[in-house]
Amino acid sequence: MRPTKGKGPVKKDTKEALKPVEDKRVGKRKAVSNVSKSSKRQATKAKPAKKDPNKPKRPPSAFFVFLEEFRKTYKLEHPNNKAVSAVGKAGGEKWKSLSPAEKAPYEAKAAKRKTEYEKVMTSYNKKQESVDDENDEESDKSKSEVSGEDDEKSEEVHLRCS
């Protein structure tokens, strides 16, 4: 394939972004834009919100309640195996082989922990709302003071112009 005069080499299978071009010579076809990889990374990686260290942790599921007990027994049976992945795999296989009747006590424990978590979260949310309300009141005061000064300045400017 010969490149035509005045046009650059044709690139196939590039990962560069395409955007429409309005040009009489080119028409409305899509042209390659030079988008750097660093700008793509910055756009996709947004900084997560700061985590509150006082926020209660979510409760474990029935499987993780089971795994807590399973780890103890697995370590007694296999004292030489210290790999976390081996314990997790063995626990997963054991969990799959359990019948619903055998899973019931773990699900009950998980449900109990979930209700406790919900109680703690409601109290935590109430505390957060009260802290936010106090912060809002302070910011409202400062806004009213600032807006009052702005109103006075706008009146002075209006009087000067008249």
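How many of the 162 residues of the chain, as a percentage, count as buried? The share is 12%, where buried means under 20% relative accessible area with a 1.4 Å probe, protein chains only. This is a predicted model, in which local features need pLDDT of at least 70 and side-chain atom pairs count only at pLDDT 80 or more, while totals for chains, interfaces and linings use all residues. Residues are numbered from 1 along each chain as its sequence is written, and side-chain values use heavy atoms, leaving out hydrogens and water.

**View 1. Helix α2 meets helix α3.** Here α2 (residues 62–77) packs against α3 (residues 84–97) at an angle of about 120 degrees, with the axes 10 Å apart. Axes are lines fitted to C-alpha atoms, for helices over the stretch in contact, and angles run from 0 to 180 degrees between N-to-C directions. The pair is therefore oblique, the word for angles that are not under 35 degrees (roughly parallel), over 145 (roughly antiparallel) or 65 to 115 (roughly perpendicular).

**View 2. Zooming in on Phe70.** Skip its neighbours within four places in sequence, and Phe70 is in contact with Val87, Ala90, Gly91 and Lys94. Contact means heavy atoms within 4.5 Å.

**View 3. The largest nonpolar core.** This one has 11 residues, including Phe66, Trp95 and Tyr106. Such a core is a set of buried Ala, Val, Leu, Ile, Met, Phe, Trp, Tyr and Cys residues joined through side-chain atoms within 4.5 Å. Its largest share, six residues, comes from α2.

**View 4. Following the chain.** Look for four helices and two strands, in the order β-β-α-α-α-α. Both are DSSP runs numbered from the N terminus: helices are H or I with at least four residues, strands E with at least two.

Conventions. Buried means under 20% relative accessible area, exposed over 50%, partly exposed in between (1.4 Å probe, protein chains only).
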